[in-house]
Amino acid sequence: MNIKLNEHFLDVKETYLFSDIAKRVKKFQEENPGREIIRMGIGDVTLPLPASVASAMEDAAKQMAVKESFRGYPPEYGYDFLRNAIADHYKAIGAACVTPDTVYVSDGAKSDLGNFPDILGDNPVIVPDPVYPVYVDSNLMNGRKISFAGGTKENGFLPEPPSGTDIEPSVIYICSPNNPTGAVYSREGLKAWVDFAIKTGSLIIFDAAYEAFISEDKPHTIYEIPGAESCAVEISSFSKFAGFTGVRCGWTVVPDAIEANGIKLSKFWARRQATKFNGVSYVTQAGAAASLSGKGLEDCMANIAYYKRNAKVLAEVFSEKGIYFTGGVNSPYIWLECPDNMGGWDFFDSILNRFGIVGTPGEGFGTNGTGFFRLTAFGSYENTLKACEYFKSL
Ligand code: MLT
C-alpha cells in the first residue's frame, strides 16, 4: 500500500505504559503459577459501584425498555440533568463561573485529554515531568513540540512556570492532585500558573480527575483561581470518584470567556464533539448524576475514604522507614524514591519477584521519574496491609 500514514505516531513509545506492565505481569504469572499478586500498578478502582448509583442505572435501563420513556441518541454534550448536576458540584466547591452550558459530558477524561489537541493549532506545549503519558503522547501524535516543566524533590514535584521573557503562547498541562506524584498545588502555586498563562497568552488544560481525594485546604478546581475562567479548560472524570473506570463518563469545562484570536474555544470544542462523538448513554449519565448528590454522593465519598485509608497506611510505612515520598494524603497515589538508588524498573522487578507486588516505575512517566516508583491505594485494605508488611522488610 502506498498511502501516507501519520508518521508522528513513530515518535511515541511503541507500547502504552500500562499495557507494557500488564504484559510483564502476565508473563510473571505464567512463570509463577499460583503466586499471589498484589496489584498497585494501574490506578483502577476495585470497589463495586455504590448500590445507590447502580440502582439509578437500573431504573434508567428499565426506562429504556418502555416505549414511552425509551431514548435514542443522547444529546451530544450531555443530558441537561447531568450538566446541571456538574455545574451544581462546581458551585458547591466555590466555582460558580461553571454554568451548565460550559460543561461537555464525555466518556472519560482520557478521551478528552487525548482529543483536545484536535482543536488546537501548532503551539508549543508545556507538560510537567513526571507526567501522565496521555498528555505527551497525544501531542506527539499531532507533531507538537513539547517542553517539560520539571518536578523534582526540590520543588516537591510541583513544577513552577518557566521563567524568562519571550515565552510564546503555549498549551500547558497541569494535573492536581497529580498523577503520578500525588502532589497537590496550593492556591499560590496554581495562581502562579494562571498568572503565567494570562501574561503569555497561553491556555491551561487542567486535569482534575483526582479532586475528590482532597481533604486538606487545597484548590479543588482551577476556577478557584481568579482569572482562570479566561485561560483554563478543566477536564474531570467519574472514574476514580464514582468507580466508573468500567462504566466510562467524564466531562470537560470550556468557559465561554476563552477566546483565541477572536474565536471562542467552546465553539470549536462543541463542533468537534458534535462531529466525532455521539454522546454518553442515558444509563451511564443517570448513574453519574446519582453520584453527585444525596445518598450517591455519600456512598462515593465512603469509597474514597476507603482508598484514602489505604494511602494513609502506606504513607505511614514509608515515613517510618525514612523513604522520601509525595502523595498519599490528598491522592490515591504514593510516589516514592526507590531504596538503595535503584532504578524504577529494577525496583519493579525486585518487589514483583520478592513480594508479588505490582507498581509502576517512575521512568514510565518521564525522565524525572528516574529512580522513583508509583503505588496506588486502589486495592483492598487487606492487600494494602500485606504490602505494608512487605515494605517494612525492605
Ligand atoms: C493511571 O494508572 O495512571 C490511571 O489509571 C490511568 C488512567 O486514568 O487512564
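Reader: Contact means heavy atoms within 4.5 Å. Leaving aside its neighbours within four places in sequence, which residues is S239 in contact with?

Author: This is a predicted model. In it, S239 is in contact with V45, F244, T245, R248 and C249, once its neighbours within four places in sequence are left aside.

Reader: Where does S239 lie?

Author: In helix α7, which covers residues 239-242.

Reader: And is S239 buried or exposed?

Author: S239 is buried: its relative accessible area is 6%, and buried means under 20%.

Reader: Switching to the ligand. Which residues are around it?

Author: F18, I42, G43, K110, Y132, N179, K240, Y333 and R374. By type, that shell divides into 4 nonpolar, 2 polar and 3 charged residues.

Reader: How far is the side chain of Y132 from an oxygen atom of the ligand?

Author: An N or O atom in the Y132 side chain is 2.5 Å from a ligand oxygen. For R374, a side-chain N or O atom is 2.7 Å from an oxygen atom of the ligand. For K240, a polar side-chain atom lies 2.9 Å from a ligand oxygen.

Reader: How much of the ligand does the protein cover?

Author: On its own, the ligand has 270 Å² of accessible area, and the protein covers 84% of that.

Reader: What are the domains of the protein chain?

Author: The domain assignment gives domain 1 (11-49 + 295-391) and domain 2 (52-293). Taken over C-alpha atoms, their centres are separated by 25 Å. Domain 1 puts 36 residues into the contact, and domain 2 puts in 47 residues.

Reader: Where does the ligand lie relative to domain 1 and domain 2, and why?

Author: The ligand lies between them, because domain 1 and domain 2 both give residues to the shell around it.

Reader: One more residue, I204. Which strand does I204 lie in?

Author: I204 lies in strand β6, residues 203-207.

Reader: Buried or exposed, for I204?

Author: Buried. The relative accessible area of I204 is 0%, against a cut-off of under 20% for buried.

Reader: What is I204 in contact with, leaving aside its neighbours within four places in sequence?

Author: With those neighbours left aside, I204 is in contact with I172, I174, W193, V194, A197, I222, C231, A232 and V233.

Reader: And G189? What distance separates the C-alpha atoms of I204 and G189?

Author: 14 Å separate the C-alpha atoms of I204 and G189, and the two residues are 15 residues apart along the chain.

Methods. Residues numbered from 1 in each chain as written. Predicted model: local features only at pLDDT ≥ 70, side-chain atom pairs only at ≥ 80, totals over all residues. Heavy atoms only, no water. Helix = DSSP H or I, 4+ residues; strand = E, 2+ residues; numbered from the N terminus. Buried < 20%, exposed > 50% of the residue type's maximum accessible area, 1.4 Å probe, protein only. Near = heavy atom within 4 Å. Polar contact = N/O pair within 3.5 Å; in protein donor to acceptor, adjacent residues only side chain to side chain. Areas by Shrake-Rupley, 256 points an atom, 1.4 Å probe, with all protein chains shown as cover. Nonpolar A, V, L, I, M, F, W, Y, C, P; charged D, E, K, R; others polar. Domains from an automatic or database assignment.
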